[in-house]
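Please examine the sequence and the structure shown below.

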Amino acid sequence: SVFPHPLMVPLQNSRDGSALSLILLTIAVGAAIPLFSKAFPPMLGSAWLFGSFLSVVTAITAAVRRALSPSQWGYGIAIFTVIFAAGQSLGPWLSGLLIDASGSLEAGFAVSVAVLAAGALVARLQRPTGA
């Protein structure tokens, strides 16, 4: 791409959870922006930062490839695909329930930011894996 995402370099060089942590923090910041401003430029920035979401798939795939032998890659990636799909299904549904119960769109954003930040912390605690 003409404008590569700035997270790609750390992702390619990471041997621990630091790249995934950075990606999740970036997404959390993107999700937090609508809590502070509804103006067009900040919302555009929010969308750009939240667009880092698909980098999570790349980070997990890289981690699986580093942690498992080539004969186990398919199995490892399949497991994470199921987990990712469950999150993609349950996350919006649970957020919708929270928004309906609270009557506030901001509540959904705030909980999403908290979940992403918690995920970033867990990822950051990951130990380095092999080459």
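## The largest pocket

The largest pocket holds about 1200 Å³ of space. A pocket is an open set of points, on a 1 Å grid over the protein atoms alone, with protein on both sides within 12 Å along at least five of seven lines. Grid points are joined across faces, edges and corners, and a volume is the space filled by probe spheres set on the points. This is a predicted model, in which local features need pLDDT of at least 70 and side-chain atom pairs count only at pLDDT 80 or more, while totals for chains, interfaces and linings use all residues. Residues are numbered from 1 along each chain as its sequence is written, and side-chain values use heavy atoms, with hydrogens and water left out.

In total, 39 residues line the largest pocket, and Phe53, Gly87, Gln88, Val115 and Leu116 lie nearest its centre. Two or more lining residues come from each of H2, helix H4 (55–67), helix H5 (73–102) and helix H6 (105–124). Helices are DSSP runs (H or I, at least four residues) numbered from the N terminus. H5 contributes the most to this lining, with 15 residues. By class, the lining has 27 nonpolar, 12 polar and no charged residues. Here Ala, Val, Leu, Ile, Met, Phe, Trp, Tyr, Cys and Pro count as nonpolar, Asp, Glu, Lys and Arg as charged, and the others, Gly among them, as polar.

## The cavity

How many cavities of 30 Å³ or more are there? The count comes to 1. A cavity is a set of points where a 1.4 Å probe fits but cannot get out, and lining residues have an atom within 4 Å of a point.

The largest cavity holds about 70 Å³ of space. It is lined by 12 residues, with Asp16, Leu20, Ala59, Ala63 and Arg66 nearest its centre. H4 provides the largest share of this lining, 5 residues. The lining of the largest cavity divides into 7 nonpolar, 3 polar and 2 charged residues.

## Helix H2 and its partners

Helix H2 (residues 18–36) packs against helix H3 (residues 40–50) at an angle of about 155°, with the axes 8 Å apart. Axes are lines fitted to C-alpha atoms, for helices over the stretch in contact, and angles run from 0 to 180 degrees between N-to-C directions. H2 and H3 are therefore roughly antiparallel (an angle over 145 degrees). The contact (heavy atoms within 4.5 Å) includes Thr26, Ile27 and Val29 of H2 and Pro42, Met43 and Gly45 of H3. Its residues comprise 9 nonpolar, 4 polar and no charged.

H2 also packs against H6, at an angle of about 165° and with axes 8 Å apart. These two helices are therefore roughly antiparallel to each other. H2 passes H6 in a left-handed crossing, meaning that the near helix is turned anticlockwise from the far one by less than a right angle. Among the residues in contact are Leu20, Leu24 and Ala28 of H2 and Phe109, Val113 and Leu116 of H6. The contact of H2 with H6 has 16 nonpolar, 3 polar and 2 charged residues.

## Helices H4 and H5

The axes of H4 and H5 come within 9 Å and cross at roughly 150°, which makes H4 roughly antiparallel to H5. H4 passes H5 in a right-handed crossing, the term used when the turn is clockwise. Val56, Ile60 and Arg65 of H4 are among the residues in contact, as are Trp73, Phe80 and Phe84 of H5. By class, this contact of H4 with H5 has 8 nonpolar, 2 polar and 1 charged residues.

Note on methods
Angles under 35 degrees count as roughly parallel, over 145 as roughly antiparallel, 65 to 115 as roughly perpendicular and the rest as oblique.
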